Amino acid sequence: MKRKSLKPGIDHTFHRSFYIGACLKGLQGILEALGGALLWFVHPKMLHDVAALLVKHELSEYPQNFIVRYIHRAAAHWSLSTQHFGAIYLLIDGLINIGLVIGLLRKIWWSYPLAASLVSLFILYQLHRAERTHSGTLLFLSLMDAVIVVLIIREYRHRPVVGYSHDQS
C-alpha cells in the first residue's frame with residue numbers, strides 16, 4: 001500500500017528523476033572507481049605530457065580560453081601526492097556510490113538515509129576543497145549531489161509502507 005499522494009503526476013516525475021539520478025550516480029561511481037584505479041598507476045610525468053599535448057594547439061590559437069589555461073596550469077602543478085590523493089578520493093567515492101546505488105535500486109530501506117548522509121558528507125568535503133582551491137568543477141559536482149540528496153530523501157519519504165525489503169544484507 002502506497003502513501004497517499006496529492007499529485008500523482010508530480011510523484012511519478014520525482015520517482016523517475018530519482019531513478020535516472022541514481023543510475024547516473026552509479027555510472028559516475030563506476031567511472032570514478034576506474035579512474036581512481038588508473039590514476040594510481042600512471043606516472044605524473046605522463047599525465048603532464050598528455051595534458052600538454054592536448055592543450056598545445058588550443059593554447060596557440062586561443063590563449064585566453066579559460067578551460068585550456070586551467071588544464072595547462074593544473075598539469076604544470078601536478079605532483080605525486082596530488083595524484084595519490086585524487087586516486088584514493090576517486091576510488092573511495094566511486095565504490096561508495098556504487099554500493100549505495102545498488103541499495104537504492106534494490107529498494108533496501110536503510111540505504112536511503114545512509115546514501116543521503118554519505119553523499120551529504122561528500123558535498124561538505126567538496127565544498128571545503130572548492131573553497132580552498134576555487135574549483136568550479138567541485139561546486140558543480142556539489143550542486144548535482146545536492147539534487148541527488150533531495151531526490152533520495154523525497155523517494156524515501158514517499159516509499160511504499162509495505163513491500164520494501166528490510167534485508168540487513
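Tutor: Let us start with one residue, and keep in mind throughout that this is a predicted model.

Student: Is Leu-100 buried or exposed?

Tutor: The cut-off for buried is under 20% relative accessible area, and because Leu-100 has a relative accessibility of 8%, it counts as buried. Sequence separation and spatial separation should be read side by side: Leu-100 and Ala-22 are 78 residues apart along the chain, whereas their C-alpha atoms are 9.0 Å apart in space.

Student: What accessibility does Leu-91 have, and how is it classed?

Tutor: Leu-91 also belongs to helix 4, which covers residues 80–105, but its relative accessibility is 33%, so Leu-91 counts as partly exposed. Leaving aside residues up to four places away in sequence, its contacts are Glu-32, Ala-33, Gly-36 and Ala-37.

Student: At what angle do helix 4 and helix 5 pack, and how far apart are their axes?

Tutor: The two helices pack at about 155 degrees, and their axes are 9 Å apart. Since an angle over 145 degrees counts as roughly antiparallel, helix 4 is therefore roughly antiparallel to helix 5. The crossing of helix 4 and helix 5 is left-handed.

Student: Which residues meet where helix 4 and helix 5 are in contact?

Tutor: On the helix 4 side they include Phe-85, Tyr-89, Ile-92, Ile-96 and Leu-100, and on the helix 5 side they include Leu-114, Ala-115, Leu-118, Phe-122 and Tyr-125. By class, this contact has 13 nonpolar, four polar and two charged residues.

Student: How should I read an aromatic pair, and how many aromatic pairs are there?

Tutor: A pair of aromatic rings is described by two quantities, the distance of the centres and the angle of the planes. In this model the count comes to six aromatic pairs. One of them joins Phe-18 and Tyr-112, which are stacked, with 5.9 Å from centre to centre and 20 degrees between the planes. Phe-18 sits in helix 1 (residues 8–41) and Tyr-112 in helix 5, 94 residues apart, and the pair thus links distant parts of the chain. Both partners, Phe-18 and Tyr-112, are buried.

Student: Why is the pair of Tyr-89 and Phe-122 called edge-to-face?

Tutor: The ring centres of Tyr-89 and Phe-122 are 5.8 Å apart and the planes stand at 65 degrees, so the pair is edge-to-face. Because Tyr-89 lies in helix 4 and Phe-122 in helix 5, the pair ties together parts that are 33 residues apart in sequence. Tyr-89 is buried, with a relative accessible area of 16%, and Phe-122 is buried with a relative accessible area of 16% as well. Tyr-89 and Phe-122 also belong to one aromatic cluster, together with Phe-85 and Tyr-125.

Student: Finally, where is Lys-107 found, and what phi does it have?

Tutor: Lys-107 is in the loop between helix 4 and helix 5, and although it is not a glycine, its phi is positive, at about 60 degrees. With a relative accessibility of 37%, Lys-107 counts as partly exposed. His-134, in the loop between helix 5 and helix 6, likewise has a positive phi of about 60 degrees without being a glycine, and at 69% relative accessibility His-134 counts as exposed.

Terms used
Residues numbered from 1 in each chain as written. Predicted model: local features only at pLDDT ≥ 70, side-chain atom pairs only at ≥ 80, totals over all residues. Heavy atoms only, no water. Helix = DSSP H or I, 4+ residues; strand = E, 2+ residues; numbered from the N terminus. Buried < 20%, exposed > 50% of the residue type's maximum accessible area, 1.4 Å probe, protein only. Contact = heavy atoms within 4.5 Å. Axes fitted to C-alpha atoms, helices over the stretch in contact; angles between N-to-C directions. Parallel < 35°, antiparallel > 145°, perpendicular 65-115°, else oblique. Left-handed = near helix turned anticlockwise from the far one by under 90°. Nonpolar A, V, L, I, M, F, W, Y, C, P; charged D, E, K, R; others polar. Phe/Tyr/Trp six-rings, centres within 6.5 Å; stacked < 30°, edge-to-face > 60°.
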